[in-house]
Amino acid sequence: VEAAEATLQGDVSLLTSAVVNLVKNAVQVSTAAQTVTLAGVLRGAEYAIEVRDQGPGIADDLQARIFEP
């Protein structure tokens, strides 16, 4: 696996928790035959962490509320 060097700034515990939660969610909605991908992507001057799965996605009626506490 090839990766460019990157520095993340923030609370290590919170960043770890966020990535672990995203990966757990992806695994929960995936079958054993499906792939979950974790990637770091350089976008201009920013580095994004992406978690992709092949699950059904978020229901339309829930998308508007997904970030509500």
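My entries follow in that order.

**Ground rules.** I am working with a predicted model, where local features need pLDDT of at least 70, side-chain atom pairs count only at pLDDT 80 or more, and totals for chains, interfaces and linings use all residues. Residues are numbered from 1 along each chain as its sequence is written, and side-chain values use heavy atoms, with hydrogens and water left out.

**Fold.** I looked up the secondary structure and found two helices and two strands. Here helices (H or I, at least four residues) and strands (E, at least two) are DSSP runs, numbered from the N terminus. Along the sequence I read the pattern α-β-β-α.

**Overall form.** I checked the radius of gyration, taken over C-alpha atoms, against the globule rule of 2.2 Å times the number of residues to the power 0.38. The chain has 14 Å, while a compact globule of 69 residues would have a value near 11 Å. Along the principal axes, the C-alpha atoms fill a box of roughly 35 × 30 × 25 Å.

**Surface.** I noted an accessible surface of about 6100 Å² for the chain, with 55% of it belonging to carbon and sulfur atoms. These areas come from the Shrake-Rupley method with a 1.4 Å probe; for residues, only the protein chains shown count as cover. Buried residues make up 6% of the 69 in the chain.

**Largest pocket.** I first wrote down the term: on a 1 Å grid over the protein atoms alone, a pocket is an open set of points where a 1.4 Å probe fits, with protein on both sides within 12 Å along at least five of seven lines; lining residues have an atom within 4 Å of a point. The largest pocket holds about 400 Å³ of space. A volume is the space filled by probe spheres set on the points, which are joined across faces, edges and corners.

I found 15 lining residues, with Leu22, Asn25, Asp53, Ile58 and Ile66 nearest the centre. Helix 1 (12-28) and strand 2 (46-52) each supply at least two of the lining residues. Helix 1 gives the largest share, five residues. By class I noted 10 nonpolar, three polar and two charged residues in the lining. Nonpolar covers Ala, Val, Leu, Ile, Met, Phe, Trp, Tyr, Cys and Pro; charged covers Asp, Glu, Lys and Arg; the others, Gly among them, are polar.

**Val23.** I located Val23 in helix 1. The cut-offs are under 20% for buried and over 50% for exposed, with partly exposed in between (1.4 Å probe, protein chains only).

Which residues does Val23 touch, not counting residues up to four places away in sequence? I found Leu38 and Val51; contact means heavy atoms within 4.5 Å. Val23 and Leu38 are 15 residues apart in sequence and 7.7 Å apart in space, C-alpha to C-alpha.
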